[in-house]
Amino acid sequence: MVGAKMAGAAAASIRERQTVALKRMLNFNVPHVKNSTGEPVWKVLIYDRFGQDIISPLLSVKELRDMGITLHLLLHSDRDPIPDVPAVYFVMPTEENIDRICQDLRNQLYESYYLNFISAISRSKLEDIANAALAASAVTQVAKVFDQYLNFITLEDDMFVLCNQNKELVSYRAINRPDITDTEMETVMDTIVDSLFCFFVTLGAVPIIRCSRGTAAEMVAVKLDKKLRENLRDARNSLFTGDTLGAGQFSFQRPLLVLIDRNIDLATPLHHTWTYQALVHDVLDFHLNRVNLEESSGMENSPAGARPKRKNKKSYDLTPVDKFWQKHKGSPFPEVAESVQQELESYRAQEDEVKRLKSIMGLEGEDEGAISMLSDNTAKLTSAVSSLPELLEKKRLIDLHTNVATAVLEHIKARKLDVYFEYEEKIMSKTTLDKSLLDIISDPDAGTPEDKMRLFLIYYISAQQAPSEADLEQYKKALTDAGCNLNPLQYIKQWKAFAKMASAPTSYGNTTTKPMGLLSRVMNTGSQFVMEGVKNLVLKQQNLPVTRILDNLMEMKSNPETDDYRYFDPKMLRGNDSSVPRNKNPFQEGKQGKHILYGCSELFNATQFIKQLSQLGQK
């Protein structure tokens with residue numbers, strides 16, 4: 001995986017920018033005015049899976065409806081003609097998609113066609129559409145054709161991923177498999193570069209690029225520099241001039257793009273986690289900001305005896321609109337459990353107040369005391385009723401987080417994830433271990449085979465000195481006895497031998513977690529969460545390799561880790577193969593401090609990563 005870290009200070013977040021671009025597109029590529037009165041133009045939205053993945057984390061069904069979208073359909077589904085309605089298409093310019101658009105034109109499905117391509121469409125494919133429109137006598141119905149340059153997925157204000165549908169193409173395994181051909185590697189790099197180029201067009205800024213030498217990140221940097229340079233050279237058609245840039249989006253400085261190869265740190269993606277969002281991503285089915293839960297509902301009786309009830313599948317969106325999620329996603333899990341409980345108690349107090357007022361209003365003279373209080377309470381009731389929608393939304397979020405946090409807690413307790421997290425932190429920070437690694441691997445009650453393999457790989461990657469052959473055999477036997485597949489270890493051994501030749505082992509700083517004793521408030525019998533036996537670990541700041549690299553490059557510090565990083569400035573007339581930065585000023589924005597955006601070619605959790613390592617380690 002190639003990671004991208006962006007430093008600079010944008011006036012609007014990438015999430016806002018991509019949302020604005022989508023709304024403009026859905027408004028027939030005219031800027032969308034929020035407060036415009038009158039009905040929107042009703043239309044249908046036709047997207048492919050790529051378009052669906054880009055839109056779904058940013059716009060809800062309600063927001064689409066507010067934009068006039070009455071129907072949203074997949075391009076390759078069976079669609080009936082709706083001849084009196086315009087259609088907005090949002091698709092990748094693939095051969096298959098172009099053929100289907102041409103078919104739609106021939107079948108005269110819609111009144112007019114607004115064709116929006118996620119990435120730039122080639123001239124030859126554009127000619128295919130033109131020919132199909134001519135043949136179908138539909139030239140006048142093709143209202144607009146736009147390249148949108150939106151080929152990336154924004155999950156948060158400061159986080160984006162390049163791919164979802166074809167993530168196997170750009171995965172860690174794809175880039176690191178030994179039998180990859182040069183042509184395949186070129187395709188992977190072009191896919192990554194196209195998405196990064198779209199990202200900067202949407203951001204409206206040309207970055208300065210830094211990357212390490214001799215890695216996939218360097219290949220991406222060279223290609224991206226060339227693509228940006230070529231676009232800037234064509235002044236008439238450049239995407240980085242005029243309206244797209246606007247005023248003051250990067251108030252003082254251009255952004256710094258740091259491209260990093262996943263191989264600089266393989267331990268962190270395997271590390272068991274302790275914050276809410278990271279745990280949800282690690283142990284639940286969490287994908288493009290949506291978590292899917294299976295809720296079993298006890299036993300049901302049938303003539304054949306009791307059997308478990310069918311599991312209900314529930315989906316919840318964890319979005320920036322959810323204030324609880326925004327506030328607590330980075331908090332240690334025990335704090336989250338406590339906060340859910342507090343929210344629940346405060347909601348119950350408000351709910352009782354509304355019930356009380358309602359019952360008073362309904363007494364109608366049966367109680368003299370109530371009558372005397374009536375005038376006093378009318379204003380209170382009006383206020384209580386008007387706050388009902390807000391109260392119900394609060395209740396929905398509390399229920400959501402109670403369910404999600406309960407599901408996470410079940411995993412923590414069943415797998416002793418607090419023990420794994422604390423032990424791995426000690427390994428990575430070179431702190432004295434209070435228990436032998438072999439004991440945890442051999443403990444049948446501590447974790448799944450995958451948990452044990454993750455722990456051992458972190459130990460193996462972080463060790464300054466690899467274990468002796470005799471020790472390794474002992475570990476391998478314990479892992480096999482615990483039901484582990486040893487293929488990931490096979491790959492990490494090869495990787496470590498290669499990395500050792502290339503550079504020194506990765507350092508993870510010297511931080512530790514502090515156990516705070518068990519929780520007090522959440523331990524109350526009245527709590528939703530029975531946290532008994534779960535450690536209340538408090539996080540301390542970790543100085544991970546990626547953080548250090550970014551810090552060095554933003555502050556322009558001299559450091560052996562980054563002194564050799566290449567430097568590209570696509571705005572320089574001549575391409576300079578230099579590691580000497582022209583700009584000596586630190587990358588930070590006056591009073592605002594640093595603004596950092598994270599991106600990655602694919603977003604995987606530890607289970608998915610272990611699977612890739614296993615495939616790479618197969619003989």
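Which helix gives the largest share of the negative patch? The views below are taken from a predicted model.

**View 1. Negative patch on the surface.** Four acidic residues, Glu-95, Glu-96, Asp-99 and Asp-128, gather on the surface as a patch of negative charge. Helix 4, which spans residues 95-106, supplies the largest share of this patch, with 3 residues.

**View 2. Glu-96 in helix 4.** Glu-96 is placed in helix 4 and is one of the residues of the negative patch. Its relative accessible area is 55%, so Glu-96 is classed as exposed, the cut-off being over 50%.

View 3. Thr-94 belongs to the loop that runs between strand 4 (82-91) and helix 4. Thr-94 is partly exposed, because its relative accessibility is 31%. Between Thr-94 and Ser-119 the C-alpha to C-alpha distance is 9.7 Å, and the two residues are 25 apart in sequence.

**View 4. The largest nonpolar core.** This core consists of 36 residues, and Leu-224 and Leu-259 have the most contacts inside it. Two or more residues each come from helix 7 (182-203), strand 9 (208-211), helix 8 (216-233) and strand 10 (256-261). Helix 7 contributes the most to this core, giving 12 residues. In soluble globular proteins, nonpolar side chains tend to be buried together.

How values were computed:
Residues are numbered from 1 along each chain as its sequence is written. This is a predicted model: local features need pLDDT of at least 70, side-chain atom pairs count only at pLDDT 80 or more; totals for chains, interfaces and linings use all residues. Side-chain values use heavy atoms; hydrogens and water are left out. Patches are made of residues with over 30% relative accessible area and no salt bridge: like charges are joined within 9 Å, nonpolar side chains (Val, Leu, Ile, Met, Phe, Trp, Tyr) within 5 Å. Accessible areas come from the Shrake-Rupley method with a 1.4 Å probe; for residues, only the protein chains shown count as cover. A salt bridge is a side-chain nitrogen of Lys or Arg within 4 Å of a carboxyl oxygen of Asp or Glu. Lys and Arg count as positive and Asp and Glu as negative; His and the chain ends are not counted. The place of a charge is taken as NZ of Lys, CZ of Arg, CG of Asp or CD of Glu. Helices (H or I, at least four residues) and strands (E, at least two) are DSSP runs, numbered from the N terminus. Buried means under 20% relative accessible area, exposed over 50%, partly exposed in between (1.4 Å probe, protein chains only). A nonpolar core is a set of buried Ala, Val, Leu, Ile, Met, Phe, Trp, Tyr and Cys residues joined through side-chain atoms within 4.5 Å.
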